[in-house]
Amino acid sequence: MTGIRLHAPEPGWAIDADVVVVGSGVAGLTAALRCTAAGLRTVVVTKARLDDGSTRWAQGGIAAALGEGDTPEQHLDDTLVAGAGLCDERAVRTLVTEGPDAVRRLIETGADFDKTSEGEIALTREGGHHRRRIAHAGGDATGAEISRALVEAIRDRGVRTVEHALVLDLLTDAEGRTAGVTLHVMGEGRHDGVGAVHAPAVVLATGGMGQVFSATTNPAVSTGDGVALALRAGAEVSDLEFVQFHPTVLFLGAGAEGQQPLVSEAVRGEGAHLVDADGVRFMLGQHELAELAPRDVVAKAITRRMQEHGTEHMYLDARHFGARMWERRFPTILAACRAHGIDPVTEPIPVAPAAHYASGGVRTDLRGRTTVPGLYACGEVACTGVHGANRLASNSLLEGLVFAERIVEDIVAAAPRAVGAPVPHPVPVVLPLPATDARTRIQRIMTNGAGVLRSEASLRGAADALDALHEEAVAGGTDDSKAAEPGVDSWETTNLLCVARVLVAAARRREETRGCHWREDRPDRDDAHWRRHLVVRLTPERTPDIRTTAAHDLPPTV
């Protein structure tokens with residue numbers, strides 16, 4: 001098997017397992033619980049603490065056809081419309097038909113969703129949904145509640161975990177099959193420094209890559225580690241150009257960087273209005289659903305209005321909710337706004353789009369299998385074909401649940417094999433970037449050149465700047481730097497550069513506007529030429545090799 005690996009010391013210790021799950025969000029913990037229940041020796045590796053993944057930041061909820069009069073077919077229709085012609089209908093149908101029971105199993109695991117006065121699950125609406133089908137918890141703390149329930153179940157069942165561990169590279173055996181992962185543990189004691197988990201099955205559930213942009217709703221751990229690992233292992237990724245920018249992120253100033261407070265789409269679902277500085281509801285007439293149009297439509301409308309008015313943000317007006325509704329339904333958002341000197345009860349909230357969700361990722365089939373035997377992916381790190389060119393609101397948690405369960409079914413059905421002995425990698429080595437200022441440079445390059453608005457000129461400038469940074473890293477690879485043990489910050493920065501270069505390459509290739517990929521120089525959707533997926537692998541020279549395909553199908557060898 002050909003691939004690329006990070007420059008890291010040889011593992012100093014190893015753990016043996018049947019399955020290693022990388023990540024501690026809803027997808028990873030669901031997979032780990034199901035694997036453990038099936039009697040598999042399971043190890044969960046997480047970059048921070050068990051409850052520190054992206055899931056706990058999810059506010060709005062989880063979408064499923066649970067309400068009276070709603071059906072999976074209606075959920076499917078809304079998802080396909082949002083995906084702008086690039087959803088895999090089989091994957092969407094799998095999601096919406098298996099989703100309701102997956103949510104019920106999550107409730108059985110211990111997740112406590114908000115209820116109506118009649119004791120039924122309370123449902124709300126979000127953008128792109130024609131029905132109330134979003135289940136929520138704690139008002140606007142759905143992710144935190146789901147994370148709490150799954151982490152508690154993991155601990156109750158005694159699942160082995162390795163926290164504060166950054167996964168570096170995939171291990172493979174002589175036949176090119178998965179043999180585990182190498183990782184760097186940022187702690188003390190027996191499992192410190194670089195080690196390995198040997199396992200014939202690896203499940204990537206590492207979340208997104210929002211930190212590749214200056215301003216994002218993603219936590220600091222979302223540095224594209226899973227996508228970068230998969231690319232170095234020779235796996236295919238798809239649809240990476242489709243990065244969803246959430247329309248309503250609390251505006252903290254033009255220079256704000258890092259994780260920004262999210263103002264959930266559910267606020268608009270409950271009746272909040274988007275207005276400009278003059279109080280004009282500019283979404284009226286833009287789309288039949290007005291403020292509840294799909295996210296790409298709303299983000300573009302906000303950006304256009306900002307350009308027209310020469311301003312840096314718009315406003316979300318929910319003063320008509322009153323204090324009681326804000327405190328009951330959106331306590332987390334209320335507290336976040338007030339912490340930054342804004343009171344939504346008495347004034348509109350300044351909002352602007354920020355990087356939120358990667359609709360693409362590591363390419364998988366309907367069982368979560370990638371193009372590398374034994375390597376699976378689920379959750380935001382994966383491209384299952386569900387989201388197409390633009391994710392429908394609150395489908396992400398559901399996707400993590402449904403496809404994590406499908407992965408476990410596949411692993412169990414295959415009967416765990418004995419793990420092959422990992423073989424040395426006679427492949428090119430990636431030297432880690434010094435993390436001093438490279439991370440900030442990458443983020444600013446991506447924000448300026450590959451953000452909400454893109455063009456050939458902006459993307460070419462971003463590609464040139466990223467290539468120059470890559471060449472700096474290659475040129476800086478002295479014997480001393482190879483001998484020194486790099487830090488986690490350097491590895492993260494190296495991962496960010498890897499995914500940034502692939503994202504920009506795909507965005508340059510797609511010469512149209514579709515979903516959340518907005519090309520100013522190519523403003524129209526072009527189904528005749530671009531109703532296709534861009535599939536990318538890394539060459540031995542670490543450059544993106546792009547091909548197109550009309551279908552989401554994986555090769556028959558997988």
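User: Which residue of strand E11 is the bridge partner of Gly180?

Analyst: Strand E10 (residues 178–185) and E11 pair in the antiparallel sense, with six bridges between them; two strands count as paired if DSSP finds at least two bridges between them. Strands (E, at least two residues) and helices (H or I, at least four) are DSSP runs, numbered from the N terminus. Across from Gly180, the bridge partner in E11 is His198.

User: Good start! What pLDDT must side-chain atom pairs reach to count here?

Analyst: Residues are numbered from 1 along each chain as its sequence is written, and side-chain values use heavy atoms, with hydrogens and water left out. This is a predicted model, in which totals for chains, interfaces and linings use all residues, local features need pLDDT of at least 70, and side-chain atom pairs count only at pLDDT 80 or more.

User: Back to E11: how many of its six residues are buried?

Analyst: Buried means under 20% relative accessible area, exposed means over 50%, and partly exposed lies in between (1.4 Å probe, protein chains only). Strand E11, residues 193–198, is mostly covered. Of its six residues, the number buried is five.

User: Which residue of E11 is the bridge partner of Ile15?

Analyst: Strand E2 (residues 14–16) pairs with E11 over three bridges, in the parallel sense. Within E11, Ile15 has as its bridge partner Val197.

User: Which residues does Val197 touch, leaving out those up to four places away in sequence?

Analyst: Contact means heavy atoms within 4.5 Å. Val197 is also one of the residues that touch the most other members of the largest nonpolar core. Not counting residues up to four places away, Val197 touches Ile15, Ala17, Val20, Val43, Val45, Ala179, Gly180, Val181 and Leu183.

User: Which element gives the largest share of that core?

Analyst: A nonpolar core is a set of buried Ala, Val, Leu, Ile, Met, Phe, Trp, Tyr and Cys residues joined through side-chain atoms within 4.5 Å. The largest one here has 79 residues, and Val45, Leu183, Val197, Leu204, Ile442 and Met446 touch the most other members. The largest share, 12 residues, is supplied by residues 488–509, helix H14.

User: How are H11 and H14 arranged, roughly parallel or roughly antiparallel?

Analyst: Axes are lines fitted to C-alpha atoms (for helices over the stretch in contact), and angles run from 0 to 180 degrees between N-to-C directions. Helix H11 (residues 438–449) packs against H14 at about 20 degrees, with the axes 9 Å apart. Angles under 35 degrees count as roughly parallel, over 145 as roughly antiparallel, 65 to 115 as roughly perpendicular, and the rest as oblique. That angle makes H11, relative to H14, roughly parallel.

User: Which residues of H11 make the contact with H14?

Analyst: From H14, the contact involves Glu492, Thr493, Leu496, Leu497, Ala500, Leu503 and Val504. From H11, the residues are Ala438, Arg439, Ile442 and Met446.

User: H14 also packs on a sheet; what angle does its direction make with that of E25?

Analyst: The sheet is open, with five strands in the order E22-E20-E14-E24-E25 and mixed pairing. Strand E22 (382–383) and strand E25 (544–549) each have a single partner strand, so one side of each is left without a neighbour in the sheet. H14 touches strand E14 (237–238), strand E24 (533–538) and E25, and its direction makes with that of E25 an angle of about 45 degrees.

User: Which residue of E22 is the bridge partner of Arg363?

Analyst: Strand E20 (residues 361–363) and E22 are joined by two bridges and pair in the parallel sense. In E22, the partner of Arg363 is Cys383.

User: Is Thr55 buried or exposed?

Analyst: Thr55 sits in the loop between strand E4 (42–45) and E5. Beyond its neighbours within four places in sequence, Thr55 contacts Gly25, Val26, Gly143, Ala144, Ile146, Ser147 and Leu397. With a relative accessible area of 10%, Thr55 counts as buried.

User: Ser394 has a positive phi although it is not a glycine; what is its relative accessible area?

Analyst: The phi of Ser394 is about 65 degrees. Ser394 belongs to the loop between E22 and helix H10 (395–414). Ser394 is buried, and its relative accessible area is 6%.

User: His164 has a positive phi too; is His164 buried or partly exposed?

Analyst: Phi of His164 is near 55 degrees, and His164 lies in the loop between strand E8 (160–162) and strand E9 (165–172). At 35% relative accessibility, His164 counts as partly exposed.
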